[in-house]
Amino acid sequence: MSWDSYISDHLMKSGQVKAGAIIGHDGKSWAASSGFKVSPEEGKFINSAFNDASAARASGLKVNAEKFLLLRAEGDTIYGKLGKKGVCLMKTKKAICVGVYEEPGQNAGQCNSVVGKMADFLKGKGY
């Protein structure tokens, strides 16, 4: 299955997400927007933060080689912030949806909504 259209048609088309990706629980990238990469190491660390966020709270959360301050980790959702950028991570049964926004023009609420819809869609399809 090609996941690229999910990034372009669902995350990026909204205009509320600057960059995004879908990664597996193993940290491997399924698809990402142009110029955006979640490394396997970053992906594994992100996945582990859903179970125990203490390391991410202490050291930050790297996404696309940028370190975000972990703001909140609750259930299947993690939020981070880096200056005018923010990241929203939502976990599904088999994947993690990643969305980054940048102010001005985009904001956390809008990005969270778009990423949440993607996560809900994947959950509905068994992912």
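Student: Which residues form one aromatic cluster?

Tutor: The cluster is made of Trp-3, Tyr-6, Trp-30, Phe-121 and Tyr-127. The model is a predicted one, in which local features need pLDDT of at least 70 and side-chain atom pairs count only at pLDDT 80 or more, whereas totals for chains, interfaces and linings use all residues. Residues are numbered from 1 along each chain as its sequence is written, and side-chain values use heavy atoms, with hydrogens and water left out.

Student: How many aromatic pairs does a search of the whole structure find, and why is the pair of Trp-3 and Tyr-6 called tilted?

Tutor: The search finds 5 aromatic pairs. Rings of Phe, Tyr and Trp (its six-membered ring) pair if their centres lie within 6.5 Å, and planes under 30 degrees apart count as stacked, over 60 as edge-to-face and the rest as tilted. For Trp-3 and Tyr-6 the centres are 5.0 Å apart and the planes stand at 45°, so the pair is tilted.

Student: What makes the pair of Trp-30 and Tyr-127 edge-to-face, and where in the chain do these two residues lie?

Tutor: The angle between their planes is 80°, with 6.1 Å from centre to centre, and an angle over 60 counts as edge-to-face. Trp-30 belongs to strand β2 (residues 29-32) and Tyr-127 to the segment after α4 (108-124), so that this pair links distant parts of the chain, 97 residues apart. Helices (H or I, at least four residues) and strands (E, at least two) are DSSP runs, numbered from the N terminus.

Student: Why are Trp-30 and Tyr-127 called partly exposed?

Tutor: Buried means under 20% relative accessible area, exposed over 50%, and partly exposed in between (1.4 Å probe, protein chains only). Trp-30 has 28% and Tyr-127 has 23%, so each value falls in the range between these cut-offs. Trp-3 and Tyr-6, by contrast, are both buried.

Student: What makes β2 and β3 the edges of the sheet?

Tutor: The open sheet has 7 strands in the order β2-β1-β7-β6-β5-β4-β3, with antiparallel pairing. β2 and β3 (61-63) each have a single partner strand, so one side of each is left without a neighbour in the sheet. On average, neighbouring strands of this sheet are turned by 25° against each other, direction ignored; axes are lines fitted to C-alpha atoms, for helices over the stretch in contact, and angles run from 0 to 180 degrees between N-to-C directions.

Student: How do you know that β1 and β7 pair, and how many bridges join them?

Tutor: Two strands pair if DSSP finds at least two bridges between them, and 6 bridges join β1 (residues 19-24) to β7 (residues 95-102). One of the bridge partners in β7 is Ile-96, which faces Ile-23 in this pairing. Helix α1 (residues 4-11) packs on the sheet, where α1 touches β1, β2 and β7 and makes about 140° with the direction of β1.

Student: Why is Ala-19 called buried, and which residues are in contact with Ala-19?

Tutor: Ala-19, which lies in strand β1, has a relative accessible area of 11%, so it counts as buried. Leaving aside neighbours within four places in sequence, Ala-19 is in contact (heavy atoms within 4.5 Å) with Met-12, Ser-33, Phe-36, Val-98, Gly-99 and Val-100.

Student: What makes β6 mostly covered?

Tutor: In β6, 7 of its 7 residues are buried. Lys-85, Val-87, Leu-89 and Lys-91 point one way from the strand, and Gly-86, Cys-88 and Met-90 point the other way. β6 pairs in the antiparallel sense with β5 over 6 bridges and with β7 over 7 bridges.

Student: Which residues have the most contacts inside the largest nonpolar core?

Tutor: A nonpolar core is a set of buried Ala, Val, Leu, Ile, Met, Phe, Trp, Tyr and Cys residues joined through side-chain atoms within 4.5 Å. The largest has 20 residues, and Phe-36, Ile-46, Val-63, Leu-89 and Val-98 have the most contacts inside it. At least two residues of this core come from each of β1, α2, β3, β4 (66-74), β6 and β7. Another core, of 19 residues, lies apart from it and includes Tyr-6, Leu-11, Val-17 and Ala-119.
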